[in-house]
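My notes follow in the order I worked.

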Amino acid sequence: MAVINQDNLTMVITKEVERVQVTDIHTHLYPPGFGDMFLYGIDELLTYHYLIAEFFRYATMDYEKFFSLSKMQQAELIYQTLFIKHSPVSEAQRGVLTVLKELGLDVNKRDLRVFREQISIIPVMEYVNRIFALAGVKEVIMTNDPFDSTERQWWEKVGNKDPRFKAALRLDPLLNDYEKNYKELIKLGYRVDRCLDENTISEIKRYLKDWVKKINAVYMAVSLPPDFTVPEDSYCSRILELCVLPICKEVKIPLALMIGVKRSVNPYLGLAADSLGKADIRSIEYLCRTYPENKFLVTMLSKENQHELVVTARKFRNLMVFGCWWFLNNPDMVKEITSMRLDTLGLSFIPQHSDARVLEHLIYKWVHFRKIIAGVLTKKYQLLLENGWRVTEEEIKRDIEDLFSNNFWNFVGRNS
Ligand code: FIX
Ligand code: ZN
């Protein structure tokens, strides 16, 4: 049992952070068996909505014209604009270079056709295995929405055969737009009405229970706007309290709340149209206090919410803070937020998720994050050594495994 000293601290932490196998608790990935929903390859990487938003910082072409082009043409334009005409310094742009480098390609070829060719010759399953291995990811949690008819067909016809991909039941259409979407529930065979009468409530509960079981959901999840408020007399708040929380409790799974997204501020941008706003922490306090037998995984999108979120987590053991979500996933913010969480919560949080939409995102999101957290952790253990606390290699390994995987599974109450 090697005791760590100032000389080997950085090396041991870096080694353990590099080799820990990750449970990626929130992605938008699908298994290879889900046909066109399974996204991979350089054209998908270049047309990631983060990069589309960045492309339009420079491009003057009409939005409609861009979106009418084929995926390969869009990728070509983005590549020329963000990588050739300007240096790719943003986090999402650099991410593409990290992926190519980790795949062993020569980024200085600077030739999209070469990247396409070199990736396409690898057999798909071999490629999937290689990406998981390069990213050091053992399993990912998906985002699964039965209201999406394309996705629903895959669950109904095929189901998921790849155990690395685990399901999460996404509730956005149900909670955020019930008035528009309740007819979808009727099509799915649930006798619901526009008004939340007793029968409708029990049918929504039946829907939730059926689909949690069908997809074997590890948790339920919803993204919410900055003005999310509970309790209040709204469909969202009422369905949450009357249907979602009772079923989460009954089937013993957490609810993930992803708060602070302002959808479609510039609708011309499609998936890239969303922005953010500061939310009111009092709704989280209310939920954690009122439903102590429910568990809440919470991430917030606004930087301004991060401090009050960690303080709230100190007050409620049924609250698990996770990830540096989306617009927070920039190196300097990740470093600051991770350090603050360690100072405030010790090791009792889930520091990151990838939000990967394209398989190869797993590589860059985790390669970049490992570097950041290794630096932050080194500083924290350094302080322990200065306090005269003897820490062993095994203890460091344990702590890192907790952060990257076990904290999630212990909170969920399942073995990985
Ligand atoms: O709501 C979400 O799960 C968001 O993460 C996505 O909708 C968003 O588009 C995204 O991919 C962010 O990383
Ligand atoms: Zn997401």
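Which residue of β8 is the bridge partner of A256? I found L297 there. The model is predicted, so I read every value below as computed from it.

**Entry 1**

β8 covers residues 296-300. I checked its burial next: 5 of its 5 residues are buried.

Which residues point one way from β8, and which the other way? F296, V298 and M300 share one direction, while L297 and T299 take the other. I noted each of these five as buried, whichever way the side chain points. Side chains in a regular strand alternate between the two faces of the sheet.

I then looked at the pairing. β5 and β8 run parallel and are joined by 5 bridges. β8 also pairs with β9, again in the parallel sense, over 3 bridges. For V298 the bridge partner in β9 is V321. I followed the chain from β8 to β9 and passed through helix α15, residues 306-315. I logged this β-α-β crossover as right-handed.

**Entry 1: the zinc ion**

Which residues coordinate the zinc ion (ligand 2)? I listed H26 through NE2, H28 through NE2 and D355 through OD. The distances are 2.0 to 2.1 Å. Along the chain the donors follow the spacing H-x1-H-x326-D. H26 and D355 link distant parts of the chain, 329 residues apart. I placed H26 in the loop between β1 (22-24) and α2 (42-46). D355 sits in the loop between α16 and α17 (361-386).

Is H26 buried or exposed? H26 counts as buried because its relative accessibility is 2%. D355 has a relative accessible area of 7%, so D355 is buried too.

**Entry 2: R341 in helix α16**

I went to R341 next, which lies in helix α16. I had to check the burial of this arginine. Its relative accessibility is 1%, so R341 counts as buried.

What is R341 in contact with, leaving aside its neighbours within four places in sequence? My list includes Q306, V310, V321, F322, G323 and C324. G346, F349, I350 and P351 are also in contact with R341. V321 was already in my notes as the β9 bridge partner of V298.

K252 has phi near 60°. I found K252 in the loop between α13 and β5 (255-259). W326 also has phi near 60°. W326 lies in the loop between β9 (319-321) and α16 (331-345).

Is K252 buried or exposed? With 67% relative accessibility, K252 counts as exposed because the cut-off is over 50%. W326 has 11% relative accessibility, so W326 counts as buried, the cut-off being under 20%.

V230 and P231 are joined by a cis peptide bond, with omega about 5°. P231 lies in the loop between β4 (217-224) and α13 (235-251).

Technical notes: Residues numbered from 1 in each chain as written. Chains lettered and ligands numbered in written order. Predicted model: local features only at pLDDT ≥ 70, side-chain atom pairs only at ≥ 80, totals over all residues. Heavy atoms only, no water. Helix = DSSP H or I, 4+ residues; strand = E, 2+ residues; numbered from the N terminus. Buried < 20%, exposed > 50% of the residue type's maximum accessible area, 1.4 Å probe, protein only. Contact = heavy atoms within 4.5 Å. Donors = N, O, S within 2.8 Å, 3.2 Å for Na, K, Ca; no water. Pairing = 2+ DSSP bridges. Right-handed = clockwise from strand over helix to strand, strands pointing away.
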